[in-house]
Amino acid sequence: QVQLVESGGGLVQAGGSLRLSCAASGGAFRYRHMGWFRQAPGKERQFVAAIDWTGSSTTYSDSVKGRFTCSRDNAKNTVYLQMNSLKPEDTAVYYCAGGSYYSTVSNDYDFWGQGTQVTVSS
């Protein structure tokens with residue numbers, strides 16, 4: 001079993017930046033495709049970004065494309081989400097997930113972290 005722990009969330013003003021980290025343990029992280037999702041209060045969980053196990057392919061939702069960058073360091077068993085030009089509508093709990101499929105669909109992921117809160121003030 002892979003355990004995932006997110007960190008790096010917090011409160012930031014609009015236009016600011018945050019970098020989320022997701023540390024993995026307990027499994028073959030290197031061969032797992034990884035994804036980031038977010039969920040705002042009263043809304044469904046939403047795809048944010050995905051990265052394949054090599055780190056060479058990434059996919060982003062239209063709402064974050066050009067502002068967020070997903071990367072990974074397999075030597076450190078960690079995946080990152082660099083978030084720039086943050087907007088109030090980015091406010092949500094952010095989750096990282098891992099699985100066998102490179103996918104934008106949350107059901108395709110097998111392992112989930114506990115989430116980290118990101119709040120963007122206007």
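**Disulfide, strand pairing and salt bridges**

At a relative accessibility of 0%, C96 counts as buried (buried, under 20% relative accessible area; exposed, over 50%; partly exposed, in between; 1.4 Å probe, protein chains only). The structure is a predicted model, in which local features need pLDDT of at least 70 and side-chain atom pairs count only at pLDDT 80 or more, whereas totals for chains, interfaces and linings use all residues. Residues are numbered from 1 along each chain as its sequence is written, and side-chain values use heavy atoms, with hydrogens and water left out.

The partner of C96 is C22, and the two sulfur atoms of this disulfide lie 1.9 Å apart. With a disulfide taken as a pair of cysteine sulfur atoms within 2.5 Å, the count comes to one. The torsion about the S-S bond of C22 and C96 is about 50°, so the disulfide is right-handed. C22 belongs to strand β3 and C96 to strand β9 (residues 92–99), so the link ties together parts that are 74 residues apart in sequence. Strands, like helices, are DSSP runs numbered from the N terminus (strands, E, at least two residues; helices, H or I, at least four). C22 is also buried, its relative accessible area being 0%. C70, in contrast, takes part in no disulfide; the nearest cysteine sulfur, that of C22, is 9.4 Å away.

Strand β8 (residues 78–83) is mostly covered, as five of its six residues are buried. Pairing of two strands was assigned where DSSP finds at least two bridges between them. Strand β3 (residues 18–25) runs antiparallel to β8 and is joined to β8 by six bridges; within this pairing, S21 has Y80 as its bridge partner in β8. Strand β7 (residues 68–73) also pairs with β8 in the antiparallel sense, over six bridges. Here the bridge partner of C70 in β8 is L81. β7 and β8 form a hairpin with four residues between them. In the turn, N77 has a positive phi of about 50°. In a regular strand, side chains alternate between the two faces of the sheet.

A search of the whole structure finds three salt bridges (a side-chain nitrogen of Lys or Arg within 4 Å of a carboxyl oxygen of Asp or Glu). In one of them, the side chains of R38 and D90 meet with an N to O distance of 2.9 Å. R38 lies in strand β4 (residues 33–39) and D90 in the loop between β8 and β9, so this pair ties together parts that are 52 residues apart in sequence. Both R38 and D90 are buried.

Another salt bridge joins K65 to D62, whose closest N and O atoms are 3.2 Å apart. D62 counts as exposed, at 68% relative accessibility. R67 forms a salt bridge with D90, and here the closest N and O atoms are 2.8 Å apart. R67 is placed in the loop between β6 (58–60) and β7, and D90 in the loop between β8 and β9, so the contact ties together parts that are 23 residues apart in sequence. R67 counts as buried at 11% relative accessibility, and D90 is buried with a relative accessible area of 1%. Through salt bridges that share partners, R38, R67 and D90 are joined into one network.
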